[in-house]
Amino acid sequence: MADLSPRSEISFLQTFLCSAFAACFAEFCTIPLDTAKVRLQLQKKAVVGDAAGAPKYRGLLGTMATIAREEGLAALWNGIIPGLQRQCIYGGLRIGLYDPVKLFLVGSAFVGDIPIYHKVLAALLTGALAIVVANPTDLVKVRLQAEGKLPAGVPRRYSGAKDAYFTIVRQEGLGALWTGLGPNVARNAIINAAELASYDQVKETVLKIPGFTDNIFTHLLAGLGAGFFAVSIGSPVDVVKSRMMGDPTYKNTIDCFVKTLKYEGFLAFYKGFLPNFGRLGSWNVLMFLMLEQVRLES
């Protein structure tokens with residue numbers, strides 16, 4: 001196949017490890033953009049007590065600069081530990097299972113280009129399964145990223161990732177680690193489908209153009225396409241997911257969606273779109289480039 005399949009047969013474990021390594025590398029490089037995205041999506045919380053009524057965070061670079069100035073440069077990497085834990089589990093499973101599930105859907109005797117709807121279905125299934133397992137790491141990551149600069153004398157809710165896990169279980173119960181699971185499953189299934197299926201399809205299409213080969217430039221184009229489709233399709237559920245995980249006052253997914261739409265309008269679901277695209281676009285480019293190169297060496 002001309003898509004995500006390796007050039008030579010490698011085991012599921014090898015694919016899982018390659019995918020997890022590539023996802024962790026991309027996560028470490030792009031988490032400052034993700035931190036900025038989360039702060040922008042939670043903006044309403046930052047302006048409630050602001051007498052001037054002006055938003056605290058403005059744009060991707062402005063948000064990153066504000067965080068670095070008020071909290072220190074290292075604050076841009078808040079949540080990196082659960083972020084890497086998430087990518088080891090989620091990144092490894094969603095990509096490692098993608099080709100086996102895709103082949104299962106079409107049958108082992110299938111020959112030719114796999115239809116796009118089979119690619120989308122395979123990615124939806126693997127994305128949903130992977131995030132059910134990885135949801136606790138996503139919750140802790142968002143909680144750590146959501147905390148901004150606090151007034152003097154006010155302690156942080158969590159001293160780190162390990163403390164966050166134990167504190168959440170102790171104060172809210174074990175089930176609280178799966179807070180926001182509904183929108184998170186929807187978000188990650190949709191984004192996974194947009195990423196993997198579009199990467200597959202863009203790469204397959206580009207390789208049919210005379211002069212294009214399976215090289216770094218082709219992987220770059222396919223990665224950018226995957227990032228754009230993922231953000232365009234997944235942004236509304238991403239906003240709901242971030243708000244439910246960062247703000248426990250919402251009763252459920254529908255409550256969060258309705259209140260956001262009622263009080264802030266439809267465009268609120270695309271808050272942080274540019275930093276989200278900057279993050280997911282660069283994340284996909286880095287992840288797929290690294291994944292393709294690691295697979296070549298396998």
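**Exercise 1. Locate T137, decide whether it is buried or exposed, and list its contacts.**

Step 1. T137 sits in helix 6, which covers residues 116-146. Helices here are DSSP runs of H or I with at least four residues, strands are E runs of at least two, and both are numbered from the N terminus.

Step 2. The model is a predicted one, in which local features need pLDDT of at least 70, side-chain atom pairs count only at pLDDT 80 or more, and totals for chains, interfaces and linings use all residues. Residues are numbered from 1 along each chain as its sequence is written, and side-chain values use heavy atoms, with hydrogens and water left out.

Step 3. T137 is classed as buried because its relative accessibility is 7%. The cut-offs are under 20% relative accessible area for buried, over 50% for exposed, and partly exposed in between, with a 1.4 Å probe and protein chains only.

Step 4. With residues up to four places away in sequence not counted, T137 touches P82, Q85, R86, I89 and Y165. A contact means heavy atoms within 4.5 Å.

Step 5. F217 is 80 residues from T137 in sequence, and the C-alpha to C-alpha distance is 33 Å.

**Exercise 2. Describe the surroundings of M245.**

Step 1. M245 belongs to helix 9, residues 216-246.

Step 2. The relative accessibility of M245 is 0%, so M245 counts as buried.

Step 3. Beyond four places in sequence, M245 touches N135, D138, L139, V142, R143, T179, G180 and N184.

Step 4. Q14 lies 231 residues from M245 along the chain, with 33 Å between the C-alpha atoms.

**Exercise 3. Characterise the chain as a whole: fold elements, extent and packing.**

Step 1. The chain has 11 helices and zero strands. Its radius of gyration is 20 Å, close to the 19 Å from the globule rule for 298 residues, so the chain is as compact as a globular protein of that length. The radius is taken over C-alpha atoms, and the rule is 2.2 Å times the number of residues to the power 0.38.

Step 2. The C-alpha trace spans about 65 × 40 × 35 Å along its principal axes.

Step 3. Buried residues are 49% of the 298. Of the contacts with a separation of 6 or more, 80% join residues 24 or more positions apart.

**Exercise 4. Where is confidence lowest, and where highest?**

Step 1. The average pLDDT of the chain is 85, and 92% of the residues score at least 70. This score is the predictor's confidence in each residue, from 0 to 100.

Step 2. Helix 2 (residues 43-47) is lowest, at a mean of 55. Helix 7 (residues 161-172) is highest, at 94.
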